[in-house]
Each structure stands twice: as structure tokens, then as C-alpha cells.
Amino acid sequence: MLRILTGQGSNTGAEMPDDPILVARNIGPAELLEYGRKLKGVVLEEGSVGSHAAIVARALAIPLVIHTSRITAEALNGDPILVDGDQGIVHLRPEESVAAAFRDNLAMQAEAQDRYASLRNLPATGTCGTTIQLYMNAGLMADLPSLEGSGAEGVGLFRTELQFLIRNHVPRRAELARLYRHVIDSAKGKPVMFRTLDIGSDKVLPYMKPQDEPNPAMGWRAIRVGLDKRGVLRMQLQSLIRASAGCPLHVMFPFISDITEYEAAYRILMHELAREQRLGHDMPSDIRVGAMLETPALAFAPKRFFEMCDFISIGGNDLKQFFFAADRENERVRRRYDTLSASFLMLLRQIVARCEEARVPLSFCGEDAGRPIEALTFAALGIRRLSMRPASIGPVKHLIRRVSISELRQVIDDAQDSGLTNLRRPITEWLARQ
Ligand code: PEP
Ligand code: MG
């Protein structure tokens, strides 16, 4: 059930009102993309902050509140409603005093944004002298202006499937090549890591036969689809190669679980490069190939895998769900496990060590990279590049510049050595003393 509410009073819901708030039991990423930035807020009875719908909402800067019980029964079309996505609070038919407090809060947030804007051209360098590269995640054309506005050094994750989700047909090669070229041109020389299609799981294409799988997150998705249905992967790689004529091309393969998948995807890319050259197309000036590390198995891959990669990016959303066996879309289990638990940080240390051994650059591009305390912790563990939604770059940079990353490393090492099971407390206590 979908319902559109508005602050404007007597709307019947027959057409989209001004400042619409969408109220629903749940929503998928494709549906949300269809509404796009027209929405001013989304309130769900179900949902999860780890879902792709939530990721799309964050990318579109639409406040989203989940687990609002009975809202579809209580709210009527045209009701005024206030949505605070940061605090997870919804006010249905608010009193004027509540609305006034809400407006004050918005003004304060605008001030904080101004403060962050003043950091835009400064590096994310801690007081110890360590610099962290801050990249942004993208996938929609609407994201591109943020590349300049946020001060991001590049796009660390371009989720190409979003362009497939907003259409009702498979995009054609020429259409995709134009689109990717537009992304590359908009980046004005900054690198863009294009991740090949990651469909499946909760990202269901409207024009693809739905797969009846018992557990889609662990099912036929991402590179598994790409390797089994090569036509689409090949077409996408051809588009990327053509779009990158005369420019560097970064290709990243999603959801790699073992070296053979990476090798197979790599071979397909090399095959397409040779084919494009044979056909006389202008070639990219440089090619970098990498993998998303989002299954725990890949952290234990043979050294040869790490050596084959030009870069690796940790997809923390999936890595965490598979590490803890806790569905990222199920709030009930997702929240039981903390990213700053000693065991998850141990896994990250292992990945950092494997990448250092093979001298392969490592980044982290899951949602946690945009949370300042988590971001700082990743930096302290040795991850030198973080990719996040553009709005998080200011707050993350602000925190990194205030503290010594190497001192935090010591705090983390000591806490881990002492046998603590969760490091959030020593980290926040140390931060409070700064
Ligand atoms: C991740 O899993 O952390 C990731 C960045 O990919 P997605 O959220 O698109 O699955
Ligand atoms: Mg993922």
C-alpha cells in the first residue's frame, strides 16, 4: 500500500502534491527511483536501513524512517507529516510547537553544512600527518554535481545497476556508452570506479524474469549473473571501453567469492578490449581492474588473487551480513552486530594485511565508510581510501582532521589485546578526550 501525504492540507492523493511524503508498508529500490527526488520523505512500516532502497534514499538525500508501526492505517492522504531521517522520528499531524522546533533544527543543520563546505578543498589529514582519500559513491546522473560540491577526490563506487533499475528495458550499448562518457566527463579527470552490474538480491530489474530463490541475497546475483549470462556483461564492458576512449578506465567486479570468478571476469574484459581494438575503436588510455571484497571467503583467497587486482574495495554492507550471517535487510538481526565488534575489525585487519602484502590499494565503500566513528576506525586500521555518500564527506573529514589516526591505532590495538569484544566504547571514550 502506497500513500502520499503532504504538508499542504486537503490533498486527495490523486496526484502528487507539493512536498510529498510517501507512506508505505515497504518499497524496493526500483520503485523509489521511479519517484526520485520529487519525494521529500519516505515512511515505512517495514524496511531496513541496510537495504538498497535505503541506499537509494540516501543517494537522493530523501529522509527515510523505517519500522513506523501502523502508519499506513493512521495516516490519511493529505495529512501533514514531519520526517526526521537522522533521528528516525515521524510526527503525524504535528502541533505548531513541534513544527517550530523542527524548523529550528533544520536551520542548525544548514549551519553545520556551511562549516563542512569550508573544508571542501582541504585534505582529510589527521594531526599525525596521515591523509585519507575521501571518494563518493554514485550511480545516478543526479549524483554528479556532488563530485564538485562535496570535495570528493573521485567516485569510489559507481553502482551501474541503478541505471538499469530506472528503465523498463535493458539499455542499449550506445545509450550506456553515452551515459558513461557523461559520467567520465563530469568527473573532470577524477577517477571513477565503475562497478559492473550487481543485480539480484533486492535489486530486481522490472524487465527480468523474477528468480524464485529461497534466499536471493545468497543467490544468483552480481558477478554470478554476469558470468552465466555473458551477453549483458560483455555489452556493459564494451560500453565502458567505448566511453573511456582516451581516458583511464577503472572496472570493478562485484561479489567475487573466489579467484576463479575474478579470473573469468578478467578474461572477459581482456577479450572485449582486444575485440574493441580490432574493430578500430579508440581505446582507454589506461585500464585498472579491481574487485569488491564483500564475501568473507575472498579475504582468504590465494595471494595470486590480490596480486592480480589493481585495487580492491571492501563492500562492507554485504561483507558484514555474510560475516555475521545477519541479513542486512532484516533490522531485527542486523542491529545485533556492531561494525566495531572486535571480530569484524579482526577481519578488516586481515584484509588490510593481505592487500599490503600484495601492495594493492584498498578502499572501503560500504555505508559504514560514511559514519564518522567507523570511518576513523577504518583509517586507523590502515584503510587509506573511503568511499561514501557525498553528504558524509564533510562530517567524516571534519573528524579526521581533528585527531591523530596513529594514536587511535594504538587505542584499538590495546583494546583488542585486552580481549574486549566490542571496541566502540574505548574508541568513543578516546574521542571524547580529544
Ligand atoms: C556493499 O555491499 O557494501 C556495497 C557497497 O555494495 P551494495 O551496497 O550495492 O551491495
Ligand atoms: Mg554489495
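Predicted model: local features only at pLDDT ≥ 70, side-chain atom pairs only at ≥ 80, totals over all residues.
Trainee: What is the mean pLDDT of the chain?

Mentor: The mean is 93, and 97% of the residues reach 70 or more. Residues 7–13 are below 50. That stretch has 12 contacts in the model beyond near neighbours in sequence.

Trainee: Let's go inside. Which residues touch the most other members of the largest nonpolar core?

Mentor: Phe 253, Phe 305, Leu 348, Ile 351 and Leu 386 do, in a core of 114 residues. Helix H14 gives the largest share of this core, eight residues. Domain 1 and domain 2 each supply at least three residues to this core.

Trainee: What does Leu 386 touch?

Mentor: Setting aside residues up to four places away in sequence, Leu 386 touches Ile 132, Gln 133, Leu 134, Tyr 135, Phe 364, Ala 369, Ala 375 and Phe 378.

Trainee: Which residues in H14 are buried?

Mentor: The buried ones are Ala 342, Phe 344, Leu 345, Leu 347, Leu 348, Arg 349, Ile 351, Val 352, Arg 354 and Cys 355.

Trainee: What follows the helix?

Mentor: H14 is followed by Arg 359, which has a positive phi near 55 degrees. Most residues other than glycine have a negative phi.

Trainee: What about phi of Phe 255?

Mentor: Phi of Phe 255 is near 60 degrees, a positive value in a residue that is not glycine. Phe 255 sits in the loop between strand E11 (248–253) and helix H10 (259–278), and is buried, with a relative accessible area of 1%. Asp 19 also has a positive phi, of about 45 degrees. Asp 19 is in the loop between strand E1 (2–5) and strand E2 (21–24), and is partly exposed at 42% relative accessible area.

Trainee: New topic. What coordinates the magnesium ion?

Mentor: The magnesium ion (ligand 2) is coordinated by Glu 294 (OE) and Asp 318 (OD), at 2.0 to 2.2 Å. Glu 294 is in the loop between strand E12 (286–293) and helix H11 (303–308), while Asp 318 is in helix H12 (residues 316–323), so the pair ties together parts that are 24 residues apart in sequence.

Trainee: Are those two buried or exposed?

Mentor: Both Glu 294 and Asp 318 are buried.

Trainee: Where is Pro 302?

Mentor: Pro 302 is in the loop between E12 and H11. It is partly exposed, with a relative accessible area of 40%. Not counting residues up to four places away in sequence, Pro 302 touches Ile 259 and Arg 354. The C-alpha atoms of Pro 302 and Arg 354 are separated by 9.6 Å, and the two are 52 residues apart along the chain.

Trainee: One more. Why does Ser 48 count as buried?

Mentor: Because its relative accessible area is 2%, and buried means under 20%. Ser 48 lies in the loop between strand E3 (41–44) and helix H2 (52–59). Its contacts beyond four places in sequence include Ala 54, Ile 66 and Glu 329.

Trainee: What is Ser 201 in contact with?

Mentor: Leaving aside neighbours within four places in sequence, Ser 201 is in contact with Pro 216, Ala 217, Arg 221 and Glu 329. Ser 201 is buried, with a relative accessible area of 13%.

Technical notes: Residues numbered from 1 in each chain as written. Chains lettered and ligands numbered in written order. Heavy atoms only, no water. Buried < 20%, exposed > 50% of the residue type's maximum accessible area, 1.4 Å probe, protein only. Helix = DSSP H or I, 4+ residues; strand = E, 2+ residues; numbered from the N terminus. Donors = N, O, S within 2.8 Å, 3.2 Å for Na, K, Ca; no water. Core = buried A, V, L, I, M, F, W, Y, C linked by side-chain atoms within 4.5 Å. Domains from an automatic or database assignment. Contact = heavy atoms within 4.5 Å. pLDDT = per-residue confidence, 0-100.
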